Amino acid sequence: MPALAPTDFSARIVWLGRVTSETQRIRSEPNTEIALDWDGIPGDTHSGLNRPSCSRLLSQYARGTEIRNVRQLAIMSEEEVAEIAQEMGLETLQPEWLGASLVVSGLPDFSHLPPSSRLQLEDGGMLVVDMQNRPCQLPAREIAEDHPGEAKRFKAAAKGRRGVTAWVERPGVLRLGESLRLHVPDQRPWAGRAT
């Protein structure tokens, strides 16, 4: 029996971006097409098979410990970005301010996809969802350039809506307007975790 179940759900790619290594900022540059390799997005500051551990893993490793990179991409949903903007009192929230690798539309409750879900590209490439991406202050700094008064509201507004991090299981090409098909683990939720 297969470990992953294909679903009838798919997402449409509505925005693509790359965070370049020329800057210490999180702002992404828009793209219309990105060819993924095993490291993720070539030239992106989050690319690589391994990475230094960060503050999100201080309970597991000392900061800077070399670990596998399961944060090659930051994926957000158009619907959740709109909800964040609304809660912040903004008309819109630009994906590049958020350091997004891609923004998709059409998958409900996107930030809560089960870990190890797959998003299959039209050409057969595959992304593996690691986990929910936690809000941080880096996007607030980018938002502050255009909306200084509202930027401080980002972290609270983005809680549970910041999308997911993912890594490349099989390289492929991401293109604006193309679809990603959702595959989910064929297992029940863990009983040891309170809901």
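A: A salt bridge is a side-chain nitrogen of Lys or Arg within 4 Å of a carboxyl oxygen of Asp or Glu. The idea behind it is that side chains of opposite charge can pair when their charged atoms come close. By this rule the structure has eight salt bridges. Before going on, note that this is a predicted model, where local features need pLDDT of at least 70, side-chain atom pairs count only at pLDDT 80 or more, and totals for chains, interfaces and linings use all residues. Residues are numbered from 1 along each chain as its sequence is written, and side-chain values use heavy atoms, with hydrogens and water left out.

Q: Which residue meets Glu-145 in a salt bridge?

A: Arg-27 does, with 3.6 Å from N to O. Helices (H or I, at least four residues) and strands (E, at least two) are DSSP runs, numbered from the N terminus.

Q: Where does Asp-146 come in, and which residue is its salt-bridge partner?

A: Asp-146 also pairs with Arg-27, and their closest N and O atoms are 3.6 Å apart. Since Asp-146 lies in helix α2 and Arg-27 in the loop between β1 and β2, the pair ties together parts that are 119 residues apart in sequence.

Q: How do I read whether such residues are buried or exposed?

A: Go by relative accessible area: buried means under 20%, exposed over 50%, and partly exposed in between (1.4 Å probe, protein chains only). Glu-145 has 52% and is exposed. Arg-27, with 23%, is partly exposed, and Asp-146 is partly exposed with 41%.

Q: What about the salt bridge between Arg-161 and Glu-87: how far is N from O?

A: There the N to O distance is 2.8 Å. Arg-161 lies in the loop between α3 and β10 and Glu-87 in helix α1, so this pair ties together parts that are 74 residues apart in sequence. Arg-161 is partly exposed at 21%, and Glu-87 is partly exposed at 47%. Back at Arg-27, salt bridges that share partners join Arg-27, Glu-142, Glu-145 and Asp-146 into one network.

Q: Let's look at the helix itself. Which residues of α2 are buried?

A: In α2, which runs over residues 138–146, the buried ones are Pro-139, Ala-140, Glu-142 and Ile-143. To see how they are arranged, look down the helix axis and take the directions from the axis to the C-beta atoms; these give the arc. The buried residues of α2 fall within an arc of 160°, so they line one face of the helix. On the face turned away from that buried side are the exposed residues Arg-141 and Glu-145.

Q: What do the buried residues of α2 pack against?

A: Contact means heavy atoms within 4.5 Å. The buried residues of α2 pack against α1 (78–88) and α3 (154–158).

Q: Which residues touch Ser-28?

A: Leaving aside neighbours within four places in sequence, Ser-28 is in contact with Trp-15, Gly-17, Arg-18, Val-19, Pro-95, Glu-96, Gly-99 and Ala-100. Ser-28 is in the loop between β1 (4–18) and β2 (29–31), and with 4% relative accessibility it counts as buried.

Q: How many residues does the largest nonpolar core have?

A: A nonpolar core is a set of buried Ala, Val, Leu, Ile, Met, Phe, Trp, Tyr and Cys residues joined through side-chain atoms within 4.5 Å. The largest one here has 24 residues, and Leu-36, Leu-73, Ile-75, Leu-102, Leu-119, Leu-127 and Leu-174 have the most contacts inside it. At least two residues of this core come from each of β1, β6 (73–77), β7 (102–105), β9 (126–132), β10 (164–170) and β12 (179–185). Apart from it lies another core, of 18 residues, including Trp-15, Leu-90, Ala-151 and Phe-154.

Q: How many disulfides are there?

A: A disulfide is a pair of cysteine sulfur atoms within 2.5 Å. The structure holds zero of them. The sulfur of Cys-54 is 9.5 Å from the closest cysteine sulfur, in Cys-136, which is too far for a bond. Cys-136 counts as buried, at 18% relative accessibility.
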